[in-house]
Amino acid sequence: MTHRTTPRPRICGNCDGFASVAITLGGRDARGHLRTITAHCPACHGTGTRPAPLREGARA
């Protein structure tokens with residue numbers, strides 16, 4: 001009996017699945033909160049996954 005292998009996860013190779021990060025700007029506002037901005041991975045647009053491979057049409 002052969003074992004089936006599970007497909008590899010489709011994790012983005014550029015960000016390794018960590019698609020969005022919060023970067024502190026180095027200060028606090030008047031209420032005491034950290035000022036942050038959000039940066040997204042330009043390759044996967046913040047999803048953390050790569051697109052599914054294209055499949056060819058049916059063969060005769």
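I began with aspartate 16, which is found in the segment before strand E1 (20-28); strands here are DSSP runs of E with at least two residues, helices are runs of H or I with at least four residues, and both are numbered from the N terminus. I note that this is a predicted model, in which local features need pLDDT of at least 70 and side-chain atom pairs count only at pLDDT 80 or more, while totals for chains, interfaces and linings use all residues. Residues are numbered from 1 along each chain as its sequence is written, and side-chain values use heavy atoms, with hydrogens and water left out.

**Entry on the whole chain**

I looked up the secondary structure and found zero helices and two strands in the protein chain. Of its 60 residues, 12% count as buried, where buried means under 20% relative accessible area, exposed means over 50%, and partly exposed lies in between, with a 1.4 Å probe and protein chains only. The chain exposes about 5900 Å², of which carbon and sulfur atoms supply 55%; these areas come from the Shrake-Rupley method with a 1.4 Å probe, and for residues only the protein chains shown count as cover. Among contacts with a separation of 6 or more, 48% are between residues 24 or more positions apart, a contact being heavy atoms within 4.5 Å.

**Entry on the strand pair**

I then followed E1 and E2, which run antiparallel and are joined by six bridges; two strands pair if DSSP finds at least two bridges between them. Alanine 22 has threonine 38 in E2 as its bridge partner, and isoleucine 23 stands opposite isoleucine 37 in E2. The hairpin has five residues between the strands, and in it glycine 32 takes a positive phi near 95°.

I also looked at alanine 39, which lies in strand E2 and counts as partly exposed at 27% relative accessibility. Not counting residues up to four places away in sequence, alanine 39 touches Ala19, Ser20, Val21 and Ile23. Its C-alpha atom is separated by 8.2 Å from that of alanine 19, 20 residues apart along the chain.

**Entry on the cysteines**

Which residues make up the largest nonpolar core? I listed five: Cys12, Cys15, Ala19, Cys41 and Cys44. Such a core is a set of buried Ala, Val, Leu, Ile, Met, Phe, Trp, Tyr and Cys residues joined through side-chain atoms within 4.5 Å. Leaving aside neighbours within four places in sequence, cysteine 41 is in contact with Cys12, Asn14, Cys15, Ala19 and Gly46.

I next checked for disulfides, each being a pair of cysteine sulfur atoms within 2.5 Å, and the count comes to zero. Cysteine 41 is in no disulfide, and its nearest cysteine sulfur, that of cysteine 44, is 3.7 Å away. That distance is too far for a bond. Cysteine 41 is buried, with a relative accessible area of 8%, and cysteine 44 counts as buried at 7%.

Proline 42, in the segment after E2, counts as exposed at 69% relative accessibility. The C-alpha atoms of proline 42 and serine 20, 22 residues apart along the chain, are separated by 9.9 Å.

**Entry on positive phi values**

Most residues other than glycine have a negative phi. With that in mind I returned to aspartate 16, whose phi is near 55°, a positive value in a residue other than glycine. Is aspartate 16 buried or exposed? I found aspartate 16 exposed, with a relative accessible area of 53%. Its C-alpha atom is separated by 8.5 Å from that of threonine 49, 33 residues apart along the chain.

Histidine 45, found in the segment after strand E2 (34-40), has a phi near 60°, again a positive value in a residue other than glycine. I noted that histidine 45 is exposed, with a relative accessible area of 66%.
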